[in-house]
Amino acid sequence: MPVIVKAQGIVLNTTLFRETSLFATIFTKQHGKVRILAKGCRRPKSKMCGALERFNIIEIIFYKRESKDTYTISDATIIDDLPRIRTRPRAVNGALVLCEFFLRTLPNEDPDYRSYTILEGFLNQLADADDDHVKTLTFNCLLRALASSGIRPHLETCVRCNHAVGYDNATVDFSVSGGGIVCAHDHDSTVVPLHARTVQDLRAVYDKNDALLSEDTIADLERLIPDYLAYHLNGLRLNSLKQLR
Ligand SMILES: [Zn+2]
């Protein structure tokens, strides 16, 4: 017997299927990431038309069958379609970065309330932010998403030997493979220099969520994050991150 499930979720991605249907991957608050088939939803009279758009926060009803990994949706209604993001290309791009991150890193059907809260909070903040803050907000939330994925960078002491790392210099060495800052004795071939301010900014992101990032920090993160994701998440490269403005 199929079980009927009601859930709140955020649409991460959609792909067209046949003439009138589509597949949608939805990050639900209650069940984690699920892939659903919306039959006939692209017909003009479908009630679901418009609800299954990327980043929409929606309520869905779907049939959960134990033996299948794709479910059939029976209803979808919009809770928030975030028009303040949709009309601004830079904000759309910021939203895509986090949606792509969760689309490609979350396991299927594993509830993750912490990550859900980060994404939902991010979309709401993005809707209120002006274009100049899209990048800082996106990196801030991506850094917190790293922590919820279990790969928070180590920023307190040398990640290899646990000794204190001095901040007298203008730069601090960060080992991509080690996943944190390193002292002079623990250099490896993946070390990149970061501004000392960057390390302080990153700590502030993890200590208090609303920290703003300086321009130098953002420039450092644009160099560091792609390699960090690829190294720690199985070669992950976020296409949307390359377009972030
Ligand atoms: Zn060390």
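Q: What distance separates the centres of domain 1 and domain 2, taken over C-alpha atoms?
A: The model is a predicted one. Its domain assignment gives domain 1 as 3–81 and domain 2 as 84–153 + 188–242. Taken over C-alpha atoms, the centres of domain 1 and domain 2 are separated by 26 Å.

Q: How many residues does each of the two domains bring to the contact?
A: The two partners are domain 1 (3–81) and domain 2 (84–153 + 188–242). Their contact takes 24 residues from domain 1 and, from domain 2, 22 residues.

Q: Which two residues touch the most other members of the largest nonpolar core?
A: This core holds 66 residues. Elements that each supply at least two of its residues include strand 1 (3–17), helix 2 (89–105) and helix 6 (215–232). At least three residues come from each of domain 1 and domain 2. The members that touch the most others are Ile-85 and Phe-101.

Q: How many residues of strand 2 are buried?
A: In a regular strand, side chains alternate between the two faces of the sheet. In strand 2, Ser-21, Phe-23, Thr-25 and Phe-27 lie on one side and Leu-22, Ala-24, Ile-26 and Thr-28 on the other, and all are buried. Strand 2 spans residues 21–28, and the number of its residues that are buried is eight of eight.

Q: Which residue of strand 3 stands opposite Phe-23?
A: Strand 2 pairs with strand 1 in the antiparallel sense over eight bridges, and Phe-23 is the bridge partner of Thr-15. Strand 2 also runs antiparallel to strand 3 (residues 32–38), to which seven bridges join it. Strand 2 and strand 3 form a hairpin with three residues between them. In strand 3, the residue opposite Phe-23 is Leu-37.

Q: Which residue takes a positive phi in the hairpin of strand 1 and strand 2?
A: Strand 1 and strand 2 pair in the antiparallel sense. Their hairpin has three residues between the strands, and the residue with a positive phi, near 55°, is Arg-18.

Q: What is the arrangement of the four donor atoms around the zinc ion?
A: The protein donors are Cys-158 (SG), Cys-161 (SG), Cys-183 (SG) and Asp-186 (OD), at 2.0 to 2.3 Å from the zinc ion. Four donors count as tetrahedral if all angles lie between 85 and 135 degrees. Because the donor atoms subtend angles of 103 to 117°, the arrangement is tetrahedral.

Q: What spacing do the donor residues of the zinc ion have in sequence?
A: Among the donors is Cys-183, which is buried with a relative accessible area of 11%. In sequence, the spacing of the donor residues is C-x2-C-x21-C-x2-D.

Q: Is Thr-138 buried or exposed?
A: Thr-138 lies in helix 4. Not counting residues up to four places away in sequence, Thr-138 touches Gly-94, Val-97, Leu-98, Phe-122 and Leu-244. Buried means under 20% relative accessible area. Since the value for Thr-138 is 1%, the residue is buried.

Q: How far apart in space are Arg-245 and Lys-135, C-alpha to C-alpha?
A: Arg-245 is placed in the segment after helix 7 (239–242). Its contacts, not counting residues up to four places away in sequence, are Arg-90, Asn-93, Val-134 and Lys-135. Arg-245 and Lys-135 are 110 residues apart in sequence, and their C-alpha to C-alpha distance is 6.4 Å.

Q: Does Asn-234 count as buried or exposed?
A: Asn-234 is found in the loop between helix 6 and helix 7. Although Asn-234 is not a glycine, its phi is positive, at about 60°. Because its relative accessibility is 80%, Asn-234 counts as exposed.

Notes
Residues numbered from 1 in each chain as written. Predicted model: local features only at pLDDT ≥ 70, side-chain atom pairs only at ≥ 80, totals over all residues. Heavy atoms only, no water. Donors = N, O, S within 2.8 Å, 3.2 Å for Na, K, Ca; no water. Tetrahedral: all angles 85-135°; square planar, octahedral: opposite > 155°, others 65-115°. Buried < 20%, exposed > 50% of the residue type's maximum accessible area, 1.4 Å probe, protein only. Core = buried A, V, L, I, M, F, W, Y, C linked by side-chain atoms within 4.5 Å. Helix = DSSP H or I, 4+ residues; strand = E, 2+ residues; numbered from the N terminus. Domains from an automatic or database assignment. Pairing = 2+ DSSP bridges. Contact = heavy atoms within 4.5 Å.
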